[in-house]
Amino acid sequence: MDGSDASAMAVDIRLNEIRDTLVLPDSVSYVRGIVRTLGPADALRRLLAEDARADHDPRLRYLRLTRSLGADINGSPTVAVLEADVVGILLPLYIGISGRFDQTVKEEHDLRLGAVAPEHAEGRVLSQLARDMKALGLRGGTTTLWVDKPPCRYCAPVLPSITKQYDVTLTIEFALI
Ligand SMILES: [Zn+2]
């Protein structure tokens, strides 16, 4: 076995390790597609860069690991953490995960998020904050939302609803590749 065989084998091992962590069929087909398009070595580089987005805030990685959500590649579950600095909110940390890995907040809040964002991690953390602020009759303050992928086209336009409806200044933190 020469050096290039050895490194090709190391790439395959690493790709399999990433594949084994995945919990959604969409993520598995995403990996298959990107390996086909870029070739194994570049695909691995790309997937490792995507996964590194979960290190933007240590809590994002912690949640992915402790809840077995796998590598943070495109098409995998999304994790969001929201920290609120709002007078009257005494437990100011909210956690949201997309899809079947968490629950959608229904009825108790009036935040306008459209049809899709309430199922997404970002919509879920903001729904929880809006629910608490509505219950306590609060307005104002600031909040920071950390998310392990850039907000999608459904979430991005509706996340400012928390500012429009509750007067909360929102900062969104995520890593780009
Ligand atoms: Zn979204």
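**Entry 1: H2 against H3**

I began with how H2 passes H3, and the crossing is right-handed. The model is a predicted one, so I keep that in mind for every entry. For the geometry, I noted that the axes of helix H2 (residues 25–38) and H3 cross at roughly 130° and come within 7 Å. H2 and H3 are therefore oblique to each other.

Next I listed who touches whom. From H2, the residues are Val31, Ile34, Val35 and Leu38, and they meet Pro40, Asp42, Ala43, Arg46 and Leu47 in H3. Sorted by class, this H2–H3 contact holds 7 nonpolar residues, 2 charged ones and no polar ones.

**Entry 2: H1 against H3**

I then turned to H1 (residues 3–21) and its packing on H3 (residues 40–51): the angle is about 40° and the axes are 10 Å apart. That makes H1 oblique to H3. The handedness of the H1 and H3 crossing is left-handed.

Which residues of H1 and H3 meet? I found Val11, Asp12, Arg14, Leu15 and Ile18 on the H1 side, with Pro40, Ala41, Ala43, Leu44 and Leu47 on the H3 side. The class count for H1 with H3 is 8 nonpolar, 2 charged and no polar residues.

I also picked out alanine 10, which lies in H1. Is alanine 10 buried or exposed? I have it down as exposed, because 12 other C-beta atoms lie within 10 Å and 12 or fewer is the cut-off for that label.

**Entry 3: H5 and what covers it**

I checked the length of H5 (residues 121–136) first. Its 16 residues should span 22 Å at 1.5 Å a residue, and the end C-alpha atoms are 23 Å apart, which agrees.

How many residues of H5 are buried? The count is 12 of 16, so I wrote H5 down as mostly covered, since buried means 20 or more other C-beta atoms within 10 Å. The buried set runs through Ala121, Glu122, Gly123, Arg124, Val125, Leu126, Ser127, Gln128, Leu129 and Ala130, and also takes in Asp132 and Met133. I see that charged residues are in this set, including Glu122, Arg124 and Asp132.

What covers the buried residues of H5? The cover includes strands S1 (79–85), S2 (93–97) and S3 (142–147), along with helix H6 (161–166). Just after H5, I came to glycine 137, which takes a positive phi of about 65°.

**Entry 4: positive phi away from glycine**

A reminder to myself: most residues other than glycine have a negative phi. With that in mind, I looked at two residues.

Serine 68 is not a glycine, yet its phi is positive at about 50°. I located serine 68 in the loop between helix H4 (58–66) and S1. Serine 68 counts as exposed because it has 9 C-beta neighbours inside 10 Å.

Aspartate 167, also a residue other than glycine, has a positive phi near 60°. Its place is the loop between H6 and strand S4 (169–173). Aspartate 167 has 13 C-beta neighbours inside 10 Å, so I logged it as partly exposed.

**Entry 5: histidine 56**

I found histidine 56 in the loop between H3 and H4. What does histidine 56 contact, leaving aside its neighbours within four places in sequence? The contacts are Trp146, Asp148, Glu173, Phe174 and Ala175. I also looked up lysine 149: it is 93 residues from histidine 56 along the chain, and their C-alpha atoms are separated by 9.8 Å. Histidine 56 is partly exposed, because 18 other C-beta atoms lie within 10 Å of its own.

**Entry 6: the whole chain**

To finish, I stepped back. I count 6 helices and 4 strands in the chain, and along the sequence they follow the pattern α-α-α-α-β-β-α-β-α-β. The C-alpha trace spans about 70 × 25 × 25 Å along its principal axes. The chain has 177 residues, and 37% of them count as buried. For contacts between residues at least 6 apart in sequence, I noted that 66% join residues at least 24 apart.

Notes. Residues numbered from 1 in each chain as written. Predicted model: local features only at pLDDT ≥ 70, side-chain atom pairs only at ≥ 80, totals over all residues. Axes fitted to C-alpha atoms, helices over the stretch in contact; angles between N-to-C directions. Helix = DSSP H or I, 4+ residues; strand = E, 2+ residues; numbered from the N terminus. Parallel < 35°, antiparallel > 145°, perpendicular 65-115°, else oblique. Left-handed = near helix turned anticlockwise from the far one by under 90°. Contact = placed C-beta atoms within 7 Å. Expected span 1.5 Å × (residues − 1).
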